[in-house]
Every structure is written in C-alpha cells, then in structure tokens.
Amino acid sequence: QERNIESASELLSPDLFMIDPTAIVFGGPLATGIKGRDKIVALINSWNINEMNFDQEVVFWCGEFACAAGTLSYTIDGALPIKDVPFANILRVKDGKIIERTDYGDYTQSFTEPPASPEPDLESIATKYLLAYLEMRYKDLALLLDEKAVFIDPTSAILGQGAPREGRSNILNTFQNAFGVVLEFDFVQKRTFFFQNHAVFAGTTRYAMAGAALGLQKERVEFEGIPMLIVLEIVGGKVVKHTEYADYEEFLKQVEGLKDTDD
C-alpha cells in the first residue's frame with residue numbers, strides 16, 4: 001500500500017505465480033497468469049500507482065492461505081483517483097515467502113464506457129447458484145453446474161481434503177457428503193461483486209451440525225462467525241469453476257471449545 005515495491009518484493013518467492021482472471025479487460029498476460037518475481041515486480045511498477053489503500057472488510061488466514069476482500073482505492077500518475085473498487089486478494093505462503101497471488105476486482109471505474117460483459121446474466125446466475133448451494137438444493141445446483149465444472153477448496157487441506165473435484169456428478173456427490181451432517185447453513189455477505197465472468201462473495205458463515213458427527217453428546221451444535229470467500233466462474237450461463245476459501249482454523253478452535261463444554 002505504501003508503494004515500497006522493493007521491500008514488498010523481499011517477501012516474494014523467485015517463482016511467484018500471480019493471476020487476476022478479471023484483468024482480462026486490460027489485455028496482457030495477467031488474466032492467464034505470470035510466473036517469476038522479477039516479471040511480476042516489473043508489471044506492478046508499470047502500473048504507475050503512487051497511492052493505494054485496501055479497506056479490508058473480510059480477512060482471514062488458514063493453513064498456507066491469507067484471504068482478504070473489501071474495496072481498493074488508488075491514484076495513478078497523472079489521473080484522477082479511483083475509489084472503492086470491489087476487490088479480493090488471496091495469497092499463498094510457504095517457507096516464509098509468498099508463492100502465489102490471486103486477485104479479483106470489479107474494474108468498471110477504469111473505463112469511460114464499461115466493457116461489455118460476456119455474461120449478461122452473471123449476477124442472476126451466480127446468486128441463484130449461491131442460494132441453492134446454501135440451501136443444499138442439489139437438483140437446482142445440477143441445472144446451474146457445467147458438466148465439466150471444477151470445485152476446489154484449498155483451505156480444506158488442513159482437514160485432510162483440498163483436492164479438486166472435477167465433473168458435475170462428482171461435485172454434487174462431494175457436496176452431499178460434506179453437508180450430510182449439516183442441519184442449517186447461512187452466509188452473511190459483507191462484500192459481493194460481479195465482473196465479466198466472475199462473481200465474488202465474501203462474508204461469514206453460520207451453520208449447525210449434528211453433534212454426533214463430531215463425537216459430541218449433543219443433538220445439535222452451532223458455529224458462528226467463520227469467514228468464507230466464494231468465487232464463481234460462469235461461462236455460457238453455467239458455473240464452470242467454484243473456488244472456496246474458509247477459516248477452518250477458526251472452525252477447529254470452536255470444535256475444541258465445544259468438546260471442553262461437552263466434558
């Protein structure tokens with residue numbers, strides 16, 4: 001934020017990979033990904049940003065991942081300030097260095113005339129999908145998922161999971177198994193935006209589970225305030241990729257607290 005790129009670059013792995021799928025509107029390689037610290041630092045310097053502030057509304061860390069969503073304000077040399085750009089940032093850290101950076105933004109303000117969206121029903125489709133997901137309506141999800149869709153939750157690696165699920169039927173089976181012990185699921189949105197092919201939902205979850213699933217002598221246990229970030233990629237009116245990040249460290253902490261009271 002202080003534009004001290006030299007100091008920031010010391011935290012980056014030489015093999016850093018950076019991608020911003022929503023940056024496709026600017027052209028260039030960032031939308032498909034760039035590898036290499038030197039190339040990425042040169043790209044960041046080329047933006048000529050001299051002031052920046054990221055107002056983070058949702059922030060959490062889980063395993064190797066640091067996730068944040070909020071609004072970004074910045075000033076480019078010789079241009080008027082751009083304020084309150086909806087933005088999400090995911091960093092993956094390993095061995096003390098950032099090895100991956102993924103951004104998503106709603107860059108509408110960067111254009112005199114907003115670029116045409118390849119998915120004119122993006123918000124409607126994404127919202128329908130999110131509600132069906134939260135309400136565990138698998139038949140409705142099946143209608144909204146592409147046959148070759150991919151689901152991945154890399155933060156679930158600390159629970160012994162995290163591998164991508166490929167294909168609609170495989171994804172639905174994964175959801176049914178995961179939600180088999182979930183009695184209720186709610187998501188309080190704090191930062192939501194839709195741009196080009198992507199929908200980003202950031203907020204906190206509240207859900208109830210059957211206590212027996214956690215080895216607890218309780219019929220129902222509840223979890224609150226667990227941050228989550230959901231990113232949907234939609235092509236041709238179907239969800240082709242569902243990426244999810246959640247603070248499972250907070251979940252495990254709450255589980256331990258429930259076990260203490262269960263004793």
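**Cysteines and sheet in a predicted model**

Biologist: What makes Cys-62 count as buried?

Modeller: Its relative accessibility is 1%, and buried means under 20% relative accessible area, with exposed over 50% and partly exposed in between, for a 1.4 Å probe and protein chains only. Cys-62 therefore counts as buried. This is a predicted model, where local features need pLDDT of at least 70, side-chain atom pairs count only at pLDDT 80 or more, and totals for chains, interfaces and linings use all residues. Residues are numbered from 1 along each chain as its sequence is written, and side-chain values use heavy atoms, leaving out hydrogens and water.

Biologist: What makes Cys-67 buried or exposed?

Modeller: Its relative accessibility is 3%, so Cys-67 counts as buried.

Biologist: What is the strand order of the open sheet?

Modeller: The six strands run 2-1-6-5-4-3, with mixed pairing. Strands are DSSP runs (E, at least two residues), numbered from the N terminus, and two of them pair if DSSP finds at least two bridges between them.

Biologist: Why do strand 2 and strand 3 stand at the edges?

Modeller: Strand 2 (34-35) and strand 3 (49-62) each have a single partner strand, so one side of each is left without a neighbour in the sheet.

Biologist: How do you know that strand 1 and strand 6 pair?

Modeller: Residues 12-19 and residues 97-105 are joined over four bridges, in the parallel sense. Ile-19 has Thr-102 in strand 6 as its bridge partner.
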